[in-house]
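User: I'd like to learn how to read a protein model feature by feature. Can you give me the general idea each time, and then show me the case at hand?

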Amino acid sequence: MTISVKNLPVSEVTCANCQACCCSSEVIIISDTGVPDQHIYVDVYGNESMLRLDDGWCSALDRDTLLCSIYENRPWVCREFGMGSNECIDERIEKM
């Protein structure tokens with residue numbers, strides 16, 4: 001899946017234009033937030049992370065809207081990842 005966008009200044013990154021760049025990063029599940037089982041990958045050691053599909057993007061990402069389909073139950077890491085934060089901007093630079 002290719003998403004073409006322009007580079008936006010930090011102040012212009014909003015939910016309407018964020019392009020979900022962070023949704024192709026590995027997300028380790030470190031607390032119980034109610035992530036549905038069908039979106040959890042369990043490795044051979046029992047570690048849990050968000051399942052990523054063949055395109056490399058999170059299985060909970062709605063590909064049409066680029067919104068999280070389990071937003072109320074998203075992992076703690078996703079809750080703490082600030083839109084427009086340094087980490088967000090780094091992801092945008094890397095993936096766009």
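Analyst: Happy to. Let's start with charge pairs: a search of the whole structure turns up one salt bridge. Keep in mind as we go that this is a predicted model.

User: Which side chains meet in that salt bridge?

Analyst: The general idea is that side chains of opposite charge can pair when their charged atoms come close. Here the partners are Asp55 and Arg63, with 3.0 Å from N to O. A pair counts when the nitrogen is within 4 Å of the carboxyl oxygen, so this one qualifies.

User: Are Asp55 and Arg63 buried or partly exposed?

Analyst: Buried means under 20% relative accessible area, and exposed means over 50%. Asp55 has 33%, so it is partly exposed. Arg63 is partly exposed too, because its relative accessible area is 22%.

User: Let's zoom out. How many helices and strands are there in the protein?

Analyst: Two helices and two strands. Along the sequence they follow the pattern β-β-α-α. The protein has 96 residues, and 31% of them count as buried.

User: What does phi tell me about Leu66?

Analyst: As a rule, most residues other than glycine have a negative phi. Leu66 is not a glycine, yet its phi is positive, at about 60°. You'll find Leu66 in the loop between S2 and H1. With 17% relative accessibility, Leu66 counts as buried, because the cut-off is under 20%.

User: How do I read the surface? Which residues form a nonpolar patch there?

Analyst: For a patch, you look for nonpolar side chains that sit within 5 Å and have over 30% relative accessible area. In this model, Ile28, Ile30, Trp76 and Val77 make up such a patch, with about 380 Å² of accessible area together. Take Val77 as an example: it lies in helix H1, residues 76–80. Val77 has 34% relative accessibility, so it counts as partly exposed.

User: Staying with H2, is Cys88 buried or exposed?

Analyst: Cys88 sits in helix H2. Its relative accessible area is 8%, so Cys88 is buried. For its place in the fold, compare the C-alpha atoms of Cys88 and Ala20: these residues are 68 apart along the chain, and the atoms are separated by 9.4 Å.

Notes:
Residues are numbered from 1 along each chain as its sequence is written. This is a predicted model: local features need pLDDT of at least 70, side-chain atom pairs count only at pLDDT 80 or more; totals for chains, interfaces and linings use all residues. Side-chain values use heavy atoms; hydrogens and water are left out. Patches are made of residues with over 30% relative accessible area and no salt bridge: like charges are joined within 9 Å, nonpolar side chains (Val, Leu, Ile, Met, Phe, Trp, Tyr) within 5 Å. Accessible areas come from the Shrake-Rupley method with a 1.4 Å probe; for residues, only the protein chains shown count as cover. Helices (H or I, at least four residues) and strands (E, at least two) are DSSP runs, numbered from the N terminus. Buried means under 20% relative accessible area, exposed over 50%, partly exposed in between (1.4 Å probe, protein chains only).
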